[in-house]
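Here's a quick briefing for anyone meeting this structure for the first time. Have a look at it, then work through the points below.

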Amino acid sequence: MNNEEKKLQNGPQNGQSQRPARHCGPEKVSNVDDRLQWIQEGLCFNAFGAALRRRFGGRIQRVSIDAGFTCPNVDGAVTRGGCNFCDNRSFSPSRRVRLASVIDQMQRGIAAVTKRYDKVAGFIAYLQPATNTYGPIDQLEALYRAALEVSPHVVGLAIGTRPDCVPDEVLDLIDVLAARHYVSLEYGMQTIHDRSLDWMNRGHHHAAMIDAMVRSRGRRFETCGHVILGIPGESHEDMLQTAEEIGHLGLDAVKLHNLYAVRGTPLGDQVAAGQVRMMDRQAYVSTVVDFLERIPPQVIVERVSGEAPPDYLLEPRWCLEKSAIRLEIEREFRRRGSRQGAAYRPSPQRTNPGATADQTPAAIMQKLSRSRVLPVLKL
Ligand code: SF4
């Protein structure tokens with residue numbers, strides 16, 4: 001590794017800013033680590049689409065599937081009611097509509113994407129709604145393998161979950177699958193501030209995220225942290241502290257969302273009553289850039305904003321303009337002459353002193369051992 005690459009990976013030395021003098025145009029870095037290729041390509045951040053294209057040699061599309069899971073934050077294992085922003089009525093077992101099988105959903109999703117886009121090199125099966133590791137291990141294995149084997153063009157799997165719902169045996173299973181496929185485990189981290197996690201009714205604190213990452217790091221799958229910006233009561237400094245944690249935790253990827261409120265949720269009610277205000281567009285764009293400047297340059301950025309279907313979305317309406325928001329973020333990077341990682345300060349990775357075993361709550365372990373109490377997954 002030459003000195004230039006070391007600087008890129010290690011961030012600023014002796015407290016000096018690593019911010020480049022010129023804007024984020026292409027930068028020549030010889031023998032560059034694949035994860036830093038985006039700098040040579042003149043991007044402002046390590047964008048997910050480009051990273052997948054580099055890895056698989058063409059356009060990769062995610063196909064979202066609902067495998068019928070519920071969530072320990074909904075069924076009472078942790079709490080009831082779920083997170084205040086989550087429209088979890090659809091995955092409460094009592095309200096569950098009959099779902100198409102996982103294989104059907106994948107086949108239909110692949111057909112729809114193929115019709116819409118000309119050249120798709122492959123697909124990632126994305127287990128998105130609810131907690132997609134909240135099932136008995138034999139059922140999880142059957143489901144994950146079925147999703148991966150639907151078509152030879154399925155290159156991988158993305159699994160959305162909570163950090164308190166990944167017992168070691170689940171991580172072992174995902175690790176085995178990752179030996180042959182791309183697998184991303186997406187943790188709902190949201191923030192490092194416990195008071196904010198309590199406000200959201202997450203049912204876990206940041207210690208659960210540290211525990212999950214200490215047990216996930218060094219395995220063959222990628223880890224992604226889902227982060228929400230604009231949580232009421234969080235200052236700009238609070239959000240940047242969450243940014244600093246991305247490197248401490250050793251996450252491979254991050255997904256940034258603005259907090260948004262949809263109808264029929266506790267947060268939606270608070271917004272409609274004027275009790276909570278959403279972040280404004282300009283502040284969001286500027287905070288995203290501040291955030292990305294503070295994370296390691298090799299971390300993949302899977303998303304820079306979040307949105308909901310227009311009929312459900314209450315506020316902020318600006319998040320519907322997803323492409324424009326992204327352009328504004330890139331413009332702000334260029335205006336500053338900056339890029340992802342420009343203000344990153346490396347530090348030792350988080351450990352979990354004193355923890356000898358995984359910290360998955362006993363109530364979750366108990367439910368996982370009694371498969372009859374969890375919704376049956378339909379392949
Ligand atoms: S943990 Fe996820 S699925 Fe469960 S209630 Fe919260 S946002 Fe919804």
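Leaving aside residues up to four places away in sequence, Glu332 touches Val285, Ser286 and Val289. Glu332 sits in helix H12, and keep in mind that this is a predicted model. From C-alpha to C-alpha, Glu332 and Val285 are 7.7 Å apart in space, though 47 residues separate them in sequence.

**Glu332 and the H11/H12 pair**

- Is Glu332 buried or partly exposed? Glu332 has 18 C-beta neighbours inside 10 Å, so it counts as partly exposed.
- Helix H11 covers residues 281-293 and helix H12 covers residues 322-336; their axes are 9 Å apart and the packing angle is about 60°.
- That angle is why H11 and H12 count as oblique to each other.
- The crossing of H11 and H12 is right-handed.
- On the H11 side, the residues that meet H12 are Val285, Ser286, Val288 and Val289, and they face Ile325, Glu328, Ile329, Glu332, Phe333 and Arg336 in H12.
- Sorted by class, that contact has 6 nonpolar, 1 polar and 3 charged residues.

**The H5/H6 pair**

- Helix H5 (residues 137-149) and helix H6 (residues 168-178) have axes that come within 11 Å and cross at roughly 25°.
- H5 and H6 are therefore roughly parallel to each other.
- This crossing, like the topic above, has a hand to note: H5 and H6 cross in a right-handed way.
- H5 brings Ile137, Leu140, Glu141, Tyr144 and Leu148 to the contact, while H6 brings Glu169, Val170, Leu173 and Leu177.

**Helix H8 and its cover**

- Helix H8 (residues 206-216) is largely enclosed by the rest of the structure, because 9 of its 11 residues are buried.
- The buried residues of H8 are His206, Ala208, Met209, Ile210, Asp211, Ala212, Met213, Arg215 and Ser216.
- What covers them? Among the elements over the buried residues of H8 are H6, strand E4 (182-190), helix H7 (194-199), strand E5 (222-229) and helix H9 (236-249).
- Just after H8 comes Gly218, with a positive phi of about 85°.

**Val183 in strand E4**

- Val183 belongs to strand E4.
- Val183 counts as buried because it has 23 C-beta neighbours inside 10 Å.
- Val183 and Leu157 are 26 residues apart in sequence, yet their C-alpha atoms are 4.8 Å apart in space.
- Setting aside residues up to four places away in sequence, Val183 touches Gly156, Leu157, Ile174, Leu177, Ala178, Phe221 and Glu222.

**Around the ligand**

- Which residues are around the ligand? They are Cys71, Asn73, Val74, Gly82, Cys83, Cys86, Asn88, Ala130, Thr131, Arg162 and Gly188.
- By class, this shell divides into 5 nonpolar, 5 polar and 1 charged.

**The chain as a whole**

- The chain has 13 helices and 9 strands.
- Of its 379 residues, 44% count as buried.
- Take the contacts between residues at least 6 apart in sequence: 81% of them join residues at least 24 apart.

Key
Residues are numbered from 1 along each chain as its sequence is written. This is a predicted model: local features need pLDDT of at least 70, side-chain atom pairs count only at pLDDT 80 or more; totals for chains, interfaces and linings use all residues. A residue is near a molecule or strand if its C-beta atom, placed from the backbone, lies within 6 Å of it. Ala, Val, Leu, Ile, Met, Phe, Trp, Tyr, Cys and Pro count as nonpolar, Asp, Glu, Lys and Arg as charged, and the others, Gly among them, as polar. Axes are lines fitted to C-alpha atoms, for helices over the stretch in contact, and angles run from 0 to 180 degrees between N-to-C directions. Helices (H or I, at least four residues) and strands (E, at least two) are DSSP runs, numbered from the N terminus. Angles under 35 degrees count as roughly parallel, over 145 as roughly antiparallel, 65 to 115 as roughly perpendicular and the rest as oblique. A crossing is left-handed if the near helix is turned anticlockwise from the far one by less than a right angle, and right-handed if clockwise. Two residues are in contact if their C-beta atoms, placed from the backbone, lie within 7 Å. A residue is buried if 20 or more other C-beta atoms lie within 10 Å of its own, exposed if 12 or fewer, and partly exposed in between; C-beta atoms are placed from the backbone.
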